[in-house]
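Visitor: I'd like to learn how to read the cross-links in a structure like this one. Can you walk me through it?

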Amino acid sequence: MRILIAFTVLLLPVACGGSSPKLAEAPPGLAKRLLTTRLKATHVDYRWVACVRVGRTHTHVPITRCNVNFGIDPHIAAYCLLLKDGKLVTNHDDPAIPCRHDDAGWDRTTIVAS
């Protein structure tokens, strides 16, 4: 009987969906690698990705913003992101992640010639 009760207690969180997802910061270097991997996997044509910390949070987790140059005019799109259960999640996946305009990183511009 004790084994049955213990087994039931262990399975209850799994059956009911478990706890809420674990959110974590994606530092700029990791954010760039993960977003670049996602863009390549979806065969999206882009020129470059630049990521910076923005000083804002989502549910107390620091947000990283990555600007992606899609090369049309040029067309720069912002992706604000963090990790959910260890996986990349952006404001395009979850609109609750705030991604308004800011000047974070404006003073750290690096020009790289290819």
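Guide: Let's start with Asp93, which counts as partly exposed because its relative accessible area is 44%. Buried means under 20% relative accessible area, exposed over 50%, and partly exposed in between (1.4 Å probe, protein chains only).

Visitor: Before we go on, what am I looking at?

Guide: This is a predicted model, where local features need pLDDT of at least 70, side-chain atom pairs count only at pLDDT 80 or more, and totals for chains, interfaces and linings use all residues. Residues are numbered from 1 along each chain as its sequence is written, and side-chain values use heavy atoms, with hydrogens and water left out.

Visitor: Okay, which residue forms a salt bridge with Asp93?

Guide: First the idea: a salt bridge is a side-chain nitrogen of Lys or Arg within 4 Å of a carboxyl oxygen of Asp or Glu. Here the partner of Asp93 is Arg38, with the closest N and O atoms 2.8 Å apart. That pair links distant parts of the chain, 55 residues apart: Asp93 sits in the segment after E5 and Arg38 in helix H2. Helices (H or I, at least four residues) and strands (E, at least two) are DSSP runs, numbered from the N terminus. Arg38 has 28% relative accessibility, so Arg38 is partly exposed.

Visitor: How many salt bridges does the structure hold?

Guide: Two. Glu25 and Arg53 also meet through their side chains, at 2.8 Å from N to O. Glu25 is in the loop between strand E1 (23–24) and helix H2 (28–41), while Arg53 is in strand E2, 28 residues apart.

Visitor: And how do I read the disulfides?

Guide: A disulfide is a pair of cysteine sulfur atoms within 2.5 Å. One joins Cys51 to Cys66, S to S 2.0 Å. Cys51 belongs to strand E2 (residues 48–58) and Cys66 to strand E3 (residues 61–69). The other joins Cys80 to Cys99, at 2.1 Å; Cys80 lies in strand E4 and Cys99 in the segment after E5, so this pair ties together parts 19 residues apart in sequence.

Visitor: Why is the disulfide of Cys80 and Cys99 right-handed?

Guide: Because the torsion about its S-S bond is about 70°. For Cys51 and Cys66 the torsion is about 105°, so that disulfide is right-handed too.

Visitor: Is Cys80 buried or exposed?

Guide: Buried, because its relative accessibility is 0%. Cys99, at 23%, counts as partly exposed.
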